[in-house]
Amino acid sequence: MGRLLAIDYGHKRVGLAVTDPLQIIATALDTVHSKDLLAYLKAYHQREPLEAIAVGMPRTLRNEATDVTSAVVGLVRQLRREFPEVPVHEVDERFTSRMAHQTMREAGLSQKARRDKATVDRISATIILQSFLDSRR
């Protein structure tokens with residue numbers, strides 16, 4: 001059984017989260033620069049085979065495209081080309097940033113720590129992955 005990986009894509013940074021090999025627990029993995037994402041994923045997939053990739057699809061509350069949506073659609077196409085054996089799923093990510101901030105507050109992180117966008121991106125990716133796991137059950 002391979003791991004599941006989630007992507008919270010942004011123009012500058014990409015938050016990543018991954019499951020354990022039994023696909024029970026979603027854990028923050030890393031934050032990488034968007035231009036380095038494919039190389040990072042290829043190297044990771046060689047070390048830890050991926051069973052599926054869940055990509056957060058940004059939409060507004062009215063279910064309209066955001067300024068990042070077209071880039072994410074392009075990323076999904078690219079992932080399907082580069083990893084033809086790995087299913088790529090789109091996951092609604094409308095509330096993940098808000099949920100990430102709430103999670104950090106509840107965890108007692110300082111205001112300075114909550115301003116770290118890389119941390120927010122990793123937590124958002126974890127929320128996307130947990131949402132994907134829950135939808136499969």
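Tyrosine 9 is buried, as its relative accessibility is 17% and buried means under 20%. The model in which this residue sits is a predicted one. The protein has five helices and five strands, and 45% of its 137 residues are buried. The points below go from the whole chain to the sheet, then to the cores and to single residues.

**Overall build**

- The C-alpha trace spans about 40 × 35 × 30 Å along its principal axes.
- Of the contacts between residues at least 6 apart in sequence, 62% join residues at least 24 apart.

- Five strands form an open sheet in the order 3-2-1-4-5, and the pairing is mixed.
- Strand 3 and strand 5 (88-92) are at the edges; each has a single partner strand, so one side of each has no neighbour in the sheet.
- Direction ignored, neighbouring strands of the sheet are turned by 25° against each other on average.
- In general, strands of a sheet pair through backbone hydrogen bonds, in either the parallel or the antiparallel sense.
- In which sense do strand 1 and strand 2 pair, parallel or antiparallel? Their pairing is antiparallel, over five bridges.
- Isoleucine 7 has leucine 16, in strand 2, as its bridge partner.
- Helix 2 (residues 69-82) packs on the sheet and touches strand 1, strand 4 (50-57) and strand 5. The direction of helix 2 makes about 165° with that of strand 4.

**The nonpolar cores**

- The largest nonpolar core has 23 residues, of which Ile7, Leu37, Ile53, Val55 and Leu79 touch the most other members.
- Strand 1, strand 2, helix 1 (37-47), strand 4 and helix 2 are the elements that give two or more residues to this core.
- Another core, of twelve residues, lies apart from the largest one; Ala6, Ala54, Ile128 and Phe132 are among its members.
- Which residues does leucine 79 contact, leaving aside its neighbours within four places in sequence? They are Ile7, Leu38, Leu41, Ile53, Val55 and Val88.

- Tyrosine 9 is in strand 1 (residues 3-9).
- Not counting residues up to four places away in sequence, tyrosine 9 touches Val14, Ser34, Leu37, Val68, Ala71, Val72 and Leu75.
- Between tyrosine 9 and arginine 136 there are 127 residues of separation in sequence and 22 Å in space, C-alpha to C-alpha.
- Threonine 31 belongs to strand 3. Is threonine 31 buried or exposed? Its relative accessible area is 18%, so threonine 31 is buried.
- The side chain of threonine 31 reaches the backbone oxygen of alanine 118 at 3.0 Å, and a polar contact of 3.0 Å joins that side chain to the side chain of arginine 122.
- Beyond its neighbours within four places in sequence, threonine 31 is in contact with Arg13, Val14, Ala118, Asp121 and Arg122.

**Two loop residues with positive phi**

- Most residues other than glycine have a negative phi.
- Glutamine 23 has a positive phi of about 60° although it is not a glycine. Glutamine 23 is in the loop between strand 2 (13-19) and strand 3 (26-33).
- With a relative accessible area of 8%, glutamine 23 is buried.
- The side chain of glutamine 23 makes a polar contact of 3.2 Å with the side chain of arginine 136.
- Apart from neighbours within four places in sequence, the contacts of glutamine 23 are Met1, Gly2, Leu4, Glu51, Leu133, Arg136 and Arg137.
- Asparagine 63 is not a glycine either, and has a positive phi of about 65°. Asparagine 63 lies in the loop between strand 4 and helix 2.
- Asparagine 63 counts as partly exposed because its relative accessibility is 42%, and the partly exposed class runs between the 20% limit for buried and the 50% limit for exposed.

Technical notes:
Residues are numbered from 1 along each chain as its sequence is written. This is a predicted model: local features need pLDDT of at least 70, side-chain atom pairs count only at pLDDT 80 or more; totals for chains, interfaces and linings use all residues. Side-chain values use heavy atoms; hydrogens and water are left out. Helices (H or I, at least four residues) and strands (E, at least two) are DSSP runs, numbered from the N terminus. Buried means under 20% relative accessible area, exposed over 50%, partly exposed in between (1.4 Å probe, protein chains only). A polar contact is a pair of N or O atoms within 3.5 Å; within protein, one must be able to donate a hydrogen and the other to accept it, and residues adjacent in sequence count only if both atoms are side-chain atoms. Contact means heavy atoms within 4.5 Å. Two strands pair if DSSP finds at least two bridges between them. Axes are lines fitted to C-alpha atoms, for helices over the stretch in contact, and angles run from 0 to 180 degrees between N-to-C directions. A nonpolar core is a set of buried Ala, Val, Leu, Ile, Met, Phe, Trp, Tyr and Cys residues joined through side-chain atoms within 4.5 Å.
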